[in-house]
Amino acid sequence: MPPMPARYLARWADTKRGQLLDRLGRRCHLCGRTEQEVWSEDQTRLEFDHLNGRTWRIRDYSRWRRMIRYQKEADAGLLAVACKRCNGTDGQRFKRTRRNR
């Protein structure tokens, strides 16, 4: 298989991200803010929240490979949508829990 142009893969990843956000419901599962509310208040985008914590490093995967992984995690029920504010505090809570075990 010949290598694909980076522009194509970036567009593909953006499309898949949008589809996954649609599927998971473009709303933070913790505070209920919508994508438009998050952008108008924080100028950030909604993020994918790993409900049981992430076991892999983001920088080890390209953008489009991350989207494939996110889709598989969503299929398994391990992924939700969160705003940056909630996802950050949720992640800190998870780290403290793991450290205390």
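This report walks through the fold, the core and selected residues of the structure shown above.

## Model and confidence

The model is predicted. The mean pLDDT of the protein is 85, and 86% of the residues score at least 70. Strand β2 (residues 79–82) has the highest mean pLDDT, at 95. Helix α4 (residues 84–99) has the lowest, at 66. Over residues 96–101 the pLDDT is below 50. Beyond near neighbours in sequence, that stretch has one contact in the model.

## Overall layout

The protein has four helices and two strands. Read from the N terminus, the order of elements is α-α-β-α-β-α. The chain holds 101 residues, and 30% of the residues are buried.

Contacts across the sequence come next. Among contacts with a separation of 6 or more, 70% join residues 24 or more positions apart.

## The nonpolar core

The largest nonpolar core has 16 residues. Which members touch the most other members? They are Leu20, Leu46, Phe48, Met67, Tyr70, Leu79 and Cys83. Helices α1 (6–24) and α3 (63–75) and strand β2 each supply at least two residues of this core.

Phenylalanine 48 lies in strand β1. Its relative accessible area is 9%, so phenylalanine 48 counts as buried. Leaving aside neighbours within four places in sequence, phenylalanine 48 is in contact with Arg17, Leu20, Leu21, Leu24, Met67, Tyr70, Leu79, Ala80 and Asn87. Cysteine 83 is 35 residues away from phenylalanine 48 along the chain, yet their C-alpha atoms are separated by 8.4 Å.

Strand β1 covers residues 47–50 and includes aspartate 49. Glutamate 47 is also in strand β1.

Is aspartate 49 buried or exposed? Aspartate 49 is buried, because its relative accessibility is 2%. Its side chain makes a polar contact of 2.8 Å with the side chain of histidine 29.

Glutamate 47 is partly exposed, at 23% relative accessibility. Its side chain joins that of asparagine 87 in a polar contact of 2.8 Å. Beyond neighbours within four places in sequence, glutamate 47 is in contact with Ala80, Val81, Ala82, Cys83, Lys84 and Asn87. Arginine 85 lies 38 residues from glutamate 47 along the chain, and the two C-alpha atoms are separated by 9.8 Å.

## Cysteines without disulfides

How many disulfides does the structure hold? It holds zero. Cysteine 28 has cysteine 31 as the partner with the closest cysteine sulfur, but the sulfurs are 3.6 Å apart, so the distance is too far for a bond. The cut-off for a disulfide is 2.5 Å between the sulfur atoms. Cysteine 83 is in no disulfide either, and the nearest cysteine sulfur, in cysteine 86, is 3.5 Å away.

Burial is a separate matter. Cysteine 28 is buried at 3% relative accessibility. Cysteine 83 is buried too, with a relative accessible area of 0%.

## Two loop residues

Arginine 33 is in the loop between α1 and α2 (35–42). Why does arginine 33 count as buried? Its relative accessible area is 9%, and buried means under 20%. Not counting residues up to four places away in sequence, arginine 33 touches Arg27, Cys28, Val38, Glu41, Asp42, Leu46, Cys83 and Arg85.

Glutamine 43 lies in the loop between α2 and β1. Its phi is near 55°, a positive value in a residue other than glycine. Glutamine 43 is partly exposed, at 49% relative accessibility.

## Accessibility at a glance

| Residue | Relative accessibility | Class |
|---|---|---|
| Cysteine 28 | 3% | buried |
| Arginine 33 | 9% | buried |
| Glutamine 43 | 49% | partly exposed |
| Glutamate 47 | 23% | partly exposed |
| Phenylalanine 48 | 9% | buried |
| Aspartate 49 | 2% | buried |
| Cysteine 83 | 0% | buried |

Notes
Residues numbered from 1 in each chain as written. Predicted model: local features only at pLDDT ≥ 70, side-chain atom pairs only at ≥ 80, totals over all residues. Heavy atoms only, no water. Buried < 20%, exposed > 50% of the residue type's maximum accessible area, 1.4 Å probe, protein only. Polar contact = N/O pair within 3.5 Å; in protein donor to acceptor, adjacent residues only side chain to side chain. pLDDT = per-residue confidence, 0-100. Contact = heavy atoms within 4.5 Å. Core = buried A, V, L, I, M, F, W, Y, C linked by side-chain atoms within 4.5 Å.
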